[in-house]
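Biologist: Please take one part of this model and go through it slowly. I would like to know how it sits in the rest of the chain.

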Amino acid sequence: MKLEKLVLAIIQDEDAFHIMDLLNAKGFGVTKLASTGGFLRAGSTTLVCGVSKDRVPELIEVIETKCRSRKQITSVNAMNVNANESFAPYPVEVTVGGANIFVLNIEEFMRV
């Protein structure tokens, strides 16, 4: 199989293992990287997959069907507010989850 595309999918931690299992069952190789989101400073997962260009839609479909955005209540703390903003000491509803997916061309791939 020729690897032509590198897919990076940033997802919520709670979705990671379920999606990895589904992707593995469909024959996709997946590498999991721990990452942290900037706004909520919450744990997230970055999945890295090398695939042929004709399998990219299938991979994205698996991620789309299992990574849904949802509402979450969080409180804004002083670390999330810069010096020019006012501090909001009450809970705030934010949208979390879903996926940010990047599809990149692979110029060269080597396994050593």
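Modeller: In helix α2, Pro57 and Glu61 are exposed, where exposed means over 50% relative accessible area, buried under 20% and partly exposed in between (1.4 Å probe, protein chains only). The model is a predicted one, in which local features need pLDDT of at least 70 and side-chain atom pairs count only at pLDDT 80 or more, while totals for chains, interfaces and linings use all residues. Residues are numbered from 1 along each chain as its sequence is written, and side-chain values use heavy atoms, with hydrogens and water left out.

On the other side from Pro57 and Glu61 are the buried residues of α2, namely Val56, Leu59, Ile60, Val62 and Ile63. Seen down the helix axis, these buried residues fall within an arc of 155 degrees, so they line one face of α2. The arc is taken from the directions from the helix axis to the C-beta atoms.

The buried residues of α2 pack against β1, α1, β3 and β6 (99-105). Leucine 59 gives one example: leaving aside neighbours within four places in sequence, it is in contact (heavy atoms within 4.5 Å) with Val7, Leu23, Phe28, Cys49 and Val51.

Leu59 also belongs to the largest nonpolar core, which has 18 residues; Leu23, Leu47 and Leu59 touch the most other members. A nonpolar core is a set of buried Ala, Val, Leu, Ile, Met, Phe, Trp, Tyr and Cys residues joined through side-chain atoms within 4.5 Å. Two or more residues of this core come from each of β1 (5-12), α1 (13-25), β3 (43-51) and α2 (56-66). The largest share, five residues, is that of α2.

For the setting, the chain has two helices and six strands, in the order β-α-β-β-α-β-β-β. Helices (H or I, at least four residues) and strands (E, at least two) are DSSP runs, numbered from the N terminus. Buried residues make up 29% of the 112 residues in the chain. Of the contacts between residues at least 6 apart in sequence, 69% join residues at least 24 apart.

The accessible surface of the chain comes to about 7,600 Å², with 53% of it belonging to carbon and sulfur atoms. Accessible areas come from the Shrake-Rupley method with a 1.4 Å probe; for residues, only the protein chains shown count as cover. Strand β1, one of the elements that α2 packs against, holds isoleucine 10. Isoleucine 10 is partly exposed, at 32% relative accessible area.
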